[in-house]
Amino acid sequence: MTDEVGVITGDLTVATELGPRQVRVWVQYTGAEEWYEVTGSPLPVPDAADTGMRLHQAIVAAAATGLPTGLTSAALPI
């Protein structure tokens with residue numbers, strides 16, 4: 001789910017940007033130029049997220065299963 005265009009599905013690319021205490025998440029149709037911020041982004045970084053890669057992998061896994069209401073801390077199994 002994105003605020004800009006609503007639900008998008010298909011072959012997507014996920015990008016994350018780890019900040020001091022939050023992570024921003026964008027998706028795009030693979031090969032497209034437009035990026036859309038995922039609903040719920042930025043998200044506070046969980047204390048257990050000791051590395052950016054671990055957090056990125058958790059976000060990609062959550063997106064692969066679907067985030068129909070957007071991104072929440074509960075969607076990240078870390």
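The following legends describe close-up views of a predicted model of one protein chain.

**Figure 1. Overall arrangement of the protein chain.** The predicted chain contains one helix and four strands. Read from the N terminus, these elements follow the order β-β-β-β-α. The chain has 78 residues, and 31% of them count as buried.

**Figure 2. Helix α1 along its length.** Helix α1 covers residues 52–65, a run of 14 residues. From the first C-alpha to the last, α1 reaches 20 Å, close to the 20 Å expected at 1.5 Å a residue. The helix is followed by G66, whose phi is positive, near 105°.

**Figure 3. The buried and exposed sides of helix α1.** The residues of α1 that count as buried are L55, A58, I59 and A62. Viewed down the axis of α1, these buried residues fall within an arc of 100°, so they line one face of the helix. The face turned away from this buried side carries M53 and A64, which are exposed. Among the elements that cover the buried residues of α1 are the strands β1 (residues 12–18) and β2 (residues 22–29).

**Figure 4. The largest pocket and its lining.** The largest pocket holds about 260 Å³ of space. Its lining consists of 16 residues, and those closest to the centre of the pocket are I8, L12, V27, A63 and L67. Both β1 and α1 supply at least two residues of this lining. Helix α1 gives the most to the lining, with three residues. Sorted by class, the lining has twelve nonpolar residues and four polar ones, while charged residues are absent from it.

Figure 5. The peptide bond that runs from S41 to P42 is cis. Its omega lies near 0°. P42 belongs to the loop between β3 (residues 36–37) and β4 (residues 43–44).

**Figure 6. E4 in the segment before β1.** E4 is found in the part of the chain that precedes β1. Its relative accessibility is 47%, so E4 counts as partly exposed. With neighbours within four places in sequence left aside, E4 is in contact with Y36 and E37. The C-alpha atoms of E4 and E37 are 7.5 Å apart in space, although the two residues are 33 residues apart in sequence.

**Figure 7. E34 in the loop between β2 and β3.** The loop that joins β2 and β3 includes E34. E34 counts as partly exposed because its relative accessibility is 46%. Apart from neighbours within four places in sequence, E34 is in contact with V27 and Q28. Of these partners, V27 is also among the residues closest to the centre of the largest pocket.

**Figure 8. P68 in the segment after α1.** P68 lies in the part of the chain that follows α1. P68 and G6 are 62 residues apart in sequence, yet their C-alpha atoms are 9.2 Å apart in space.

**Figure 9. T72 and its separation from T39.** T72 is placed in the segment after α1. With a relative accessibility of 36%, T72 falls between the limits of 20% and 50% and so counts as partly exposed. A separation of 8.8 Å is found between the C-alpha atoms of T72 and T39, which are 33 residues apart along the chain.

Methods. Residues numbered from 1 in each chain as written. Predicted model: local features only at pLDDT ≥ 70, side-chain atom pairs only at ≥ 80, totals over all residues. Heavy atoms only, no water. Expected span 1.5 Å × (residues − 1). Buried < 20%, exposed > 50% of the residue type's maximum accessible area, 1.4 Å probe, protein only. Arc of directions from axis to C-beta. Contact = heavy atoms within 4.5 Å. 1 Å grid on protein atoms, 1.4 Å probe; cavity = no way out; pocket = protein on both sides within 12 Å on 5 of 7 lines; lining within 4 Å. Points joined across faces, edges and corners; volume = space filled by probe spheres on them. Nonpolar A, V, L, I, M, F, W, Y, C, P; charged D, E, K, R; others polar.
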